[in-house]
Amino acid sequence: MASTALEIIAFTVSISGWVLVSSTLPTDYWKVSTIDGTVITTATYFANLWKMCVTDSTGVANCKDFPSMLALDGYIQACRGLMIAAVSLGFFGSIFALFGMKCTKVGGSDKAKAKTACLAGIVFILSGLCSMTGCSLYANKITTEFFDPLFMEQKYELGAALFIGWAGASLCIIGGVIFCFSISDNNKTPRMGYTYNGPTSVMSSRTKYPGGEGDFKATSPSKQFDKNAYV
């Protein structure tokens with residue numbers, strides 16, 4: 001019962017993390033920069049892995065997709081690959097989890113289900129690590145440019161998508177670890193206890209008197225028959 005509860009908790013946490021990680025890909029605010037006027041914000045620049053946008057004071061946004069994948073910076077290409085890998089691994093991890101959980105009717109025996117659940121946990125951990133690495137790589141680029149005094153171009157700050165990605169990656173890792181530890185109860189199979197009483201035989205067995213103490217031992221008949229008994 002405890003193992004089943006752990007698997008349900010792990011599945012819920014992992015799926016929640018995978019949904020958060022998946023939501024970061026279409027999110028626009030990976031990095032944000034604003035240009036403030038004397039009274040109001042005159043322009044807001046923001047970008048993600050696919051495009052760069054600007055919004056003026058009237059709220060009208062103009063976006064431009066990155067023209068060429070091969071012309072992109074290396075860190076953007078690496079982040080794209082890591083985030084896509086994280087989403088893909090999370091999808092396969094959810095499938096393995098459904099087959100490996102005890103509360104489902106598919107997946108074979110309990111031993112096979114335990115192995116599948118452990119595999120799902122490992123896949124979710126890899127998904128979380130990919131997402132964590134991709135978001136951290138993108139954030140490292142932003143902070144390096146922001147604190148570089150020689151960098152004279154537009155400086156950006158961390159966007160909301162990075163924090164969502166970090167939260168989703170953490171949930172995927174936590175859920176995967178719980179999945180891996182949930183199979184420990186499957187290895188604890190109950191064992192029947194047997195007591196060894198030693199060899200027994202008819203000659204060595206003893207019986208109790210029905211109304212007294214002590215052992216009753218078989219003895220020879222008390223009557224002695226003479227030679228004319230069978231005549």
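The UniProt record, an unreviewed entry, puts the feature "transmembrane region" at residues 75-99, 119-139 and 159-183; UniProt positions follow the numbering used here, feature names are shortened, and annotations may be inferred rather than shown by experiment. What follows rests on a predicted model, where local features need pLDDT of at least 70 and side-chain atom pairs count only at pLDDT 80 or more, while totals for chains, interfaces and linings use all residues. Residues are numbered from 1 along each chain as its sequence is written, and side-chain values use heavy atoms, with hydrogens and water left out.

In the model, residues 75-99 come out as 100% helix and 0% strand, with 36 Å between the end C-alpha atoms. Residues 119-139 are likewise 100% helix and 0% strand, and here the end C-alpha atoms sit 30 Å apart. Helices (H or I, at least four residues) and strands (E, at least two) are DSSP runs, numbered from the N terminus.

Then there is helix H4, which covers residues 160-182. Its 23 residues reach 33 Å from first C-alpha to last, close to the 33 Å expected at 1.5 Å a residue (the expected span being 1.5 Å times one less than the number of residues). Buried residues in H4 include Gly165, Gly168, Ala169, Cys172, Gly175, Gly176 and Phe179; buried means under 20% relative accessible area, exposed over 50%, and partly exposed in between, with a 1.4 Å probe and protein chains only.

As for charge pairing, the structure holds two salt bridges, each defined as a side-chain nitrogen of Lys or Arg within 4 Å of a carboxyl oxygen of Asp or Glu. One joins lysine 51 to aspartate 28 at 3.6 Å, N to O. That pair ties together distant parts of the chain, 23 residues apart: lysine 51 belongs to strand S3 (residues 51-56), and aspartate 28 to the loop between helix H1 (2-24) and strand S1 (31-36). Lysine 51 is partly exposed at 23% relative accessibility, and aspartate 28 is partly exposed with a value of 23%.

The other bridge pairs lysine 141 with glutamate 145, their closest N and O atoms being 3.6 Å apart. Both residues lie in helix H3 (residues 110-146), four residues apart, or about one turn of the helix. An α-helix has 3.6 residues a turn, so residues three or four places apart point the same way. Lysine 141 is partly exposed at 31%, whereas glutamate 145 is buried at 18%.

On confidence, the chain has a mean pLDDT of 80, and 76% of its residues reach 70 or more; pLDDT is the predictor's confidence in each residue, from 0 to 100.
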